[in-house]
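Please work through the exercises below with the sequence and the structure side by side. Each task is followed by a solution that goes step by step.

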Amino acid sequence: MQEWLLTAPSFLWLAAFFLLPTLLVFFLAFRPADPYGGIGPGWTLNTLKALGHSYYLDIAWRTLWVSLLTTAFCVLLAVPTGYALARASEKRRRLLLMLVIVPFWTSFLIRIFAWKSLLHPEGLIKHVLIAVGLADPQTSLLYNTGAVVLVMVYTFLPFSILPIYAAAEKFDFRLVEAARDLGARPFAAFLKVFLPGIRSGLVTAILVVFIPALGSYVIPDIVGGPRSEMIGNKIAQRVFVDRNLPHASALSVVLILAVLAPLLAILVLQRKKDKEKPRVIVPEDA
Amino acid sequence: MKRSRFPLLIMGLVLLFFYLPIIILVINSFNASRFGSGWQGFSLIWYRRLLHEPEIWAAARNTLVIAVLVTIVSLILGTTSALALHRFAKSRLQRVHYTLIYTPLVVPEILMGISLLMGFVAAGVGLGLFTIFLAHVTFCISYVALVVLGRLQDFDFSVVEAAQDLGAGWWATARKVLLPMLAPGLAAGGLLAFTLSVDDFVITFFVAGPGATTLPIRVYSMIKHGATPLINALSTILLVLTFTIVLVSQRLSRSNILEGGV
């Protein structure tokens, strides 16, 4: 009785505003659109079939590799940063951690805008590049896929540093020293001892970047060009420009499945690992 | 054994990468130049112009009203949820409940935005400030619940039992024992909900409809249609406000929500 009283408010709210609407998206993907921006009568598979068109395949492919590239850059930068944070002295660590966390709290749009003005034809970076001779006045730094990846890395990097730091903090660095004593080169010790030691943090870091990256919409919208659109942009266009809700739903279903795939893969791998080593508990950080 | 300086170097570059764009934006907000391409002298002209932008102020008022209401409602729903999850941790219902609380955190924002929009359209609810409020509560519940749950897991429940043994009723126990112990967690969860609501753009944009404007929606349309230095000034004000909130929340709670991330 008491359990229901405490559970019902949040349970019913999320059932009504999260679970049901998500199911509705699946449902609407099989309905036709009417010409007035509403939902037509009957059922159809045409919307889903239309997604097989090469135009959409291009966008799905781009969404995937832009997200993968962003994740790779984030992890490559986050691992040394998390390592340095975990090895810093207690006093310095508090300050450094604060410095990593603050950008994570600042407005998402402001951070994108800051880059838009830096990359702008009249902006600072262009002037510096021209002065150094790395760019000519015709080079466009904005409205291309490179700018999209750069700003995505900027936005998601704090998210990937935190789980790696959390795992590195628990890591026993004497293991690395032992490896060195036994003759391992520094980089080999890092690769074969440190990285496996922070595995759970790495997995979390990859997921917290890759999943939101797949759903990116604002960043390609502001700093990307027509040739750097991602699935998110198409969903938004179907909603705001064409008013075709079934089409937007079908695209969302594809995105949901794309997000579920890495999550399920991790879950299956984790299960398998647990079966092999039943007594090892993998700490989860996020 | 000499330690490699390479990680330190990368960390330094990463911090530079984080702060340089923000610092340049703040400096440019005091720049008299219209395009920010060169320094044309210190000026407060963009801040003064901001005073004469009634649309921005109306949007800011909407944002604030929504954020306050969202904070209150999501604190109530998130706290009851955390209490249930903690108290009845073993029950099957709570396992489903936990999944329901956790999943919104991993779903990309755009999916939540579109599904809420479909839901409102299907239910015939007119889009506007009210639907923005409903949507914000939906994503804030999970954050509040997890922050409060973290706090609950730290504390000693025998105190609650002691109070009840000593004859305190349900209400007296809640008010005199549970609430003071939970206060730091509630403050942290509330601030998190407040900042998330003030900041949200993607979900808000989907459920706002044509008329309703919040500050992020206003900022977005300013960015899209001609980036004037007004945004620099507005952003600087918002940055100062966020930093203050982060510092206050750090002081209020020694809990680890800041370190825990998402």
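Predicted model: local features only at pLDDT ≥ 70, side-chain atom pairs only at ≥ 80, totals over all residues.

Residues are numbered from 1 along each chain as its sequence is written, chains are lettered from A and ligands numbered from 1 in the order in which they are written, and side-chain values use heavy atoms, with hydrogens and water left out.

**Exercise 1. Describe the make-up of chain A.**

Step 1: Begin with the elements, where helices (H or I, at least four residues) and strands (E, at least two) are DSSP runs numbered from the N terminus. Chain A has 13 helices and zero strands.

Step 2: Turn to the extent of the chain, whose C-alpha trace spans about 75 × 70 × 35 Å along its principal axes.

Step 3: Consider burial, for which buried means under 20% relative accessible area, exposed over 50% and partly exposed in between, with a 1.4 Å probe and protein chains only. Of the 286 residues of chain A, 50% count as buried.

Step 4: Look at contacts, meaning heavy atoms within 4.5 Å. Among those in chain A with a separation of 6 or more, 67% join residues 24 or more positions apart.

**Exercise 2. Find salt bridges and say which parts they link.**

Step 1: A salt bridge is a side-chain nitrogen of Lys or Arg within 4 Å of a carboxyl oxygen of Asp or Glu, and a search of the whole structure finds seven of them over all chains.

Step 2: One of them pairs Arg87(A) with Glu177(A), with the closest N and O atoms 3.7 Å apart. Because Arg87(A) lies in helix H3 (residues 54-87) and Glu177(A) in helix H8 (residues 174-181) of chain A, the pair ties together parts that are 90 residues apart in sequence. Arg87(A) is partly exposed at 22% relative accessibility, and Glu177(A) is partly exposed at 36%.

Step 3: Another joins Asp172(A) and Arg174(A) at 3.0 Å, N to O. Here Asp172(A) is partly exposed at 32%, whereas Arg174(A) is exposed, with a relative accessible area of 60%.

Step 4: In chain B, Arg218(B) forms a salt bridge with Glu55(B), the closest N and O atoms being 2.9 Å apart. Since Arg218(B) lies in helix H10 (residues 215-224) and Glu55(B) in helix H3 of chain B, this pair ties together parts that are 163 residues apart in sequence.

**Exercise 3. Work out what lines the second largest pocket.**

Step 1: On a 1 Å grid over the protein atoms alone, where a 1.4 Å probe is used, a pocket is an open set of points with protein on both sides within 12 Å along at least five of seven lines, and lining residues have an atom within 4 Å of a point.

Step 2: Of its 22 lining residues, the closest to its centre are Leu6(A), Leu83(B), Trp170(B), Ala174(B) and Leu178(B).

Step 3: H8(B) gives the most to this lining, with nine residues.
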